[in-house]
Structure formats: C-alpha cells, structure tokens
Amino acid sequence: MGNYIKTAEVIIAEGKVRVNNELVFQFDDTPENSVFLKEIYKDLDLAYPKFYKMDELCKLGVLAAEYLMRSKAIDQNYKPEDVALILSNSSSSLSTDTKHQESISDKDAYFPSPAVFVYTLANIVLGEIAIKFKFTGEQSFFIFEDYDATFLESYAHGLLDNSEAECVIAGWVEIYENNYKAILYTIEKAS
C-alpha cells in the first residue's frame, strides 16, 4: 500500500468550471446543456471537430479531461498504457438512450440513427477521452446512485499498488435532462 496524492481536480457544474479550486470559466446564463458545453469548447479554443458528433455525456467528459490535461497534472512522460481511466455516474447514458428509443418507438417514423446508437453505453465517454488523449491503460465505468469518491479512490489505489497504472484519472461525469456535473481528478503515488 503506497501513499497517494491528488495532483489536480476539475469540476464543471452550475455554469462554472473550476480547476484546482480556481474559477477558470463562468457562463452566467443558464442555457441548455448543449449550449453550455459549446461555450466551454469555444472558450478552450479547441480544434477537435469530432466533438460535434459526440453525445452530451462524452462532450462533458472530454471537456473536463481537456482542462485536466491543460493543468499539467499528468506527467507528459507517461506512456499511454500507464494512464488509467475510472469514471462513474448515476444515469448511465440515459439521455442518449431516450433519444434512441424515441427514434425507434414510432413504427410510422422509424428512423434509428447509428450516430445516436453508438453512444447508448456510458463507457463510450472513456473511449472518447482515451482516443483524444491517446490513453491505452485500464478503463472502467461504474454506475452508482450517488458519487462514491471512496470507491473510486480505493480502485485507483489498487491499480497503482499493482503497477497496473502510474496515474489514474477518476471521477464522476453525469448529465441527464438539464443537470450536469463533472468531477475529474488525477491520482498518483506520492514521490
């Protein structure tokens, strides 16, 4: 059992983005999720066209991960396989599942979209983060009724203790209806 340190934390909630407790973005309006996420994307000045094809859960996760990466929390010398991703939420991919269900419910207007269907699994957010940042380490997604930091940190410590990762990105990425919250942080062994 080693000693661990949280090297960075990003929280996106209630129209604000905080990186290591510092407010870095605020949107005073209370727009729909999609508008808020696009405003963050613009503020980050990202050039990642795939963002516009993602569902809202993936957009939220990728944006939170982008802030985490820009905070320089992750040693750029880590090999891709040394970075693990462990995320959780309570609604899985319900927002996208609902859209998909609507597209197949009406037999007269039956038009399922493969672009929507691909996002009907919550763990797709892990894949989108891994693709963008080229991480190839362990990936796990858990569904809990409430945010369970104790479980996630214990899981991360196990990966670090067993040398299955050198750095773990863990947290909560939840978006359903007009509610959203992302809490992402990095955990590493203390030097």
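In the hairpin formed by β6 and β7, where two residues lie between the strands, Glu177 adopts a positive phi near 55°. The model is predicted, so that local features need pLDDT of at least 70 and side-chain atom pairs count only at pLDDT 80 or more, while totals for chains, interfaces and linings use all residues. Residues are numbered from 1 along each chain as its sequence is written, and side-chain values use heavy atoms, with hydrogens and water left out.

Strands are said to pair if DSSP finds at least two bridges between them. β6 and strand β7 (residues 179-189) pair in the antiparallel sense over ten bridges, and in β7 the bridge partner of Trp172 is Ile183. β6 also pairs with strand β4 (residues 83-89), here in the parallel sense and over six bridges, with Ile169 in β6 as the bridge partner of Leu85. Strand β6 (residues 167-176) is largely enclosed by the rest of the structure, because nine of its ten residues are buried, which means under 20% relative accessible area with a 1.4 Å probe and protein chains only, whereas exposed means over 50% and partly exposed lies in between.

Positive phi values also occur in loops elsewhere in the chain. Glu14, in the loop between β1 (4-13) and β2 (16-19), has a phi near 50° and counts as exposed at 71% relative accessibility. Asn21, in the loop between β2 and β3 (22-26), has a phi near 70° and is likewise exposed, with a relative accessible area of 65%. Ala8, by contrast, lies in strand β1 and is buried, with a relative accessible area of 5%; its C-alpha atom is separated by 7.2 Å from that of Ser71, 63 residues apart along the chain.

Turning to the helices, the axes of helix α2 (residues 56-70) and helix α5 (residues 124-133) come within 9 Å and cross at roughly 40°. The two helices are therefore oblique to each other, a term for angles that are not under 35 degrees (roughly parallel), over 145 (roughly antiparallel) or 65 to 115 (roughly perpendicular).

Note on methods
Helices (H or I, at least four residues) and strands (E, at least two) are DSSP runs, numbered from the N terminus. Axes are lines fitted to C-alpha atoms, for helices over the stretch in contact, and angles run from 0 to 180 degrees between N-to-C directions.
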